[in-house]
Amino acid sequence: HSESFDCALSAMKANGEYRTFCHIDRKRGSFPQAANRWDVPSAQTGEALREEREEGITVWCSNDYPGMGQHEVVTSAMSTSISEFGAGSGGTRNISGTTSLHVNLERELADLHD
């Protein structure tokens, strides 16, 4: 099976059908600017990439369009929450339950519509 799998992967790479991901590092305080890096190991192979360089890019395609993930109020609230609750997604609400964070956020959002 391994040889067949390797052959299929090689064909995908040769045909340009193998998906790779850019290695992007966002820089706090410089939204929407980021760095596209070629000097980190490939997540797919673990091998070092051929080039060691960094290119400045503009990233508009994240879930952080207005740059709020870098706003001091947001990062401070995140740090406080991590200190109190820990880090990680914790699973979906229907599996791991609704936290006080969910309830408080929903109340705050609902108040915007009153």
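Reply: Start with exposure: buried means under 20% relative accessible area, exposed over 50%, and partly exposed in between (1.4 Å probe, protein chains only). Asp 25 is partly exposed here, because its relative accessible area is 31%. This is a predicted model, in which local features need pLDDT of at least 70, side-chain atom pairs count only at pLDDT 80 or more, and totals for chains, interfaces and linings use all residues. Residues are numbered from 1 along each chain as its sequence is written, and side-chain values use heavy atoms, with hydrogens and water left out.

Me: How many salt bridges does the structure hold?

Reply: A salt bridge is a side-chain nitrogen of Lys or Arg within 4 Å of a carboxyl oxygen of Asp or Glu. The structure holds 3 of them.

Me: Which side chain meets Asp 25 in a salt bridge?

Reply: That of Arg 37, at 3.2 Å from N to O. Helices (H or I, at least four residues) and strands (E, at least two) are DSSP runs, numbered from the N terminus. Asp 25 sits in strand E1 (residues 23–26) and Arg 37 in strand E2 (residues 33–37), 12 residues apart.

Me: Which residues are linked with Arg 37 in a network of salt bridges?

Reply: Asp 25 and Glu 54. The side chains of Glu 54 and Arg 37 meet at 3.4 Å, N to O. Glu 54 belongs to strand E3 (residues 54–58), 17 residues from Arg 37 in strand E2.

Me: Where does Arg 28 lie?

Reply: The side chain of Arg 28 forms a salt bridge with that of Glu 72 (2.8 Å, N to O). Arg 28 lies in the loop between E1 and E2, and Glu 72 in helix H2 (residues 72–85), so the pair ties together parts 44 residues apart in sequence. Both Arg 28 and Glu 72 are exposed.
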